[in-house]
Amino acid sequence: MAQAPHTAETTAETHAPRTGPVVAVLAFGGIVVALMQTLVVPLVPDLPGLLHTSASDASWAITATLLAGAVATPVLGRLGDMYGKRRTLLISLGMLVAGSVVCALSDSLAPMIVGRTLQGFSSGVIPLGISIMRDELPAERLGSAMALMSSSLGVGGALGLPGAAALAEHADWHVLFWVSAAAGVVVIALVLAVVPESPVRGGGRFDVVGAIGLSAGLLCLLLAISKGADWGWTSAPTDGLFSAAVVILLLWGRWELRTGQPLVDLRTTARRQVLLTNLASIVIGFAMYGMSLALPQLLQLPEATGYGLGQSIMTAGLCLGPSGLVMMAVAPVSARITATWGPKVSLLIGSAVISVGYLLAIVLMAEVWQIVLVSCVIGAGIGFAYAAMPALIMSAVPVSETGAANGLNTLMRAIGTSTSSAVVGVVLAHMTTRLGPLTVPSEDGFRTAFAMGAGGAVVALLIAALIPGKGPDRSTAVSGAPAGAQPVRNG
């Protein structure tokens, strides 16, 4: 009797009894990566003293992770499509562990930057995890699993802040990175034990020129965005980096369109659904990060300002923690809406809810409970939006390109958050008031930041409305995916 062809669909059926553990392990990996990204937040005011450097130089401990993640995410996604997503996932987690150990052993700036750069390379874990789910899970489980995995970034960030603050207050700061390394080792062990290697491979040759071009263009763009406020937005270094980014990315795009096996298939990316989803992702990332920048400062400002709430950094983290739980709670709801009416509807709902949350923040900023409420509303919107985006992307790209496509979508969110960090940071730095010898963000500065978040969410809503309308989500039907996948047997 002829053997049935080995496809992604038959693989999902083979592994169906183990889908629960697979989803749990991959989501846990996403949360650990998000925790890594929030580790240094409680340390930011103290980093110059801890690392024996200036405040401007100490900011590279954050900037390095951002830049490494932006470069690594699309590259690792493509490598996962070509050589195996589980294998690439393990490499990413290995970099997380290595970077955490380097940081844990650091007492000066240079090794800290090296460690944080290695940690940044683990940013590909979430898009790789989503791609593994598409290959391994049965159709009826995929929607809710992708929603949970996609929301893990927000969940880990919201829950990690109070934990990191508690450790920073009551233990040596190096413990934060030892905890991160230990968590990474646990995830690696769980992935080895539970997650199978995907049989779906794209094959082909890795586009080295494309990887170098994209990396150089992104480094110039994000470096200019993240350091523009320090250097001056009209300074020669900032303008030079922006100009270089434009030139390099244009040349990179021309190369990608001409080469036979591109790092990013720009023709697929230019499809209306993919293009609009990526544009919406930038704006959603912008809107999301405004909450992370403004609300903690508002909570911690002294009550003497008349609008600050005078909370400790740990209490401020605890106040924002419930938003992560809300993100996790709405993930299955978003999945059901996606399955019934399509992911476009989930993205529309998410954008609208984020906008409502920021509008509430403009008028509800006088009590701690009001900040908790606002963060939960915004968190619910982020949960809906983040759950919808991978479904929109994967229903429009070949199975063999899901890793690269999800990586690019994650990169778009990172560009949005980086832009938000720069723009909202400038607003809060320039709209200030005096409090004795201190200069602090003014009440109008916070309201302006909240209005910008609401405006960003409205822009995302308008972009989402232009995405081609579809009925129930069919991205899970991998057997009918576009041509191009080359399933292979592992062994």
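A polar contact is a pair of N or O atoms within 3.5 Å; within protein, one of the two must be able to donate a hydrogen and the other to accept it. In this predicted model, the side chain of Ser 235 reaches the backbone oxygen of Trp 231 at a distance of 3.2 Å. Ser 235 is located in the loop that lies between α11 (208-231) and α12 (236-258). Its relative accessibility is 15%, so Ser 235 counts as buried, the cut-off for that class being under 20%.

Helix α10 covers residues 174-194, and because each residue should contribute 1.5 Å, its 21 residues should span 30 Å. Helix α14, formed by residues 272-300, has 29 residues. From the first C-alpha of α14 to the last, the distance is 43 Å, close to the 42 Å expected at 1.5 Å a residue. Helix α14 is mostly covered, with 21 of its 29 residues buried.

In α10, the buried residues include His 174, Leu 176, Phe 177 and Ser 180. Also among them are Ala 181, Ala 183 and Gly 184, together with Val 187, Val 191 and Val 194. Leu 190 also belongs to helix α10, but Leu 190 counts as partly exposed because its relative accessibility is 31%. Leu 190 takes part in a nonpolar patch on the surface, which it forms with Phe 28 and Val 186. Together, the three residues of this patch have about 210 Å² of accessible area.

The backbone at His 52 was considered next. Most residues other than glycine have a negative phi. His 52 has a positive phi of about 55°, although it is not a glycine. The position of His 52 is in the loop between α3 (47-51) and α4 (55-58). With a relative accessibility of 65%, His 52 counts as exposed, since that class begins over 50%.

Cysteine residues were also inspected. A search of the whole structure for disulfides found zero; such a bond would require a pair of cysteine sulfur atoms within 2.5 Å. Cys 220 has a relative accessibility of 13% and therefore counts as buried. Cys 319 has a relative accessibility of 8%, so Cys 319 counts as buried too.

Note on methods. Residues numbered from 1 in each chain as written. Predicted model: local features only at pLDDT ≥ 70, side-chain atom pairs only at ≥ 80, totals over all residues. Heavy atoms only, no water. Helix = DSSP H or I, 4+ residues; strand = E, 2+ residues; numbered from the N terminus. Expected span 1.5 Å × (residues − 1). Buried < 20%, exposed > 50% of the residue type's maximum accessible area, 1.4 Å probe, protein only. Patch = residues over 30% accessible without salt bridge, like charges linked within 9 Å, V, L, I, M, F, W, Y side chains within 5 Å. Areas by Shrake-Rupley, 256 points an atom, 1.4 Å probe, with all protein chains shown as cover. Salt bridge = Lys/Arg side-chain N within 4 Å of Asp/Glu carboxyl O.
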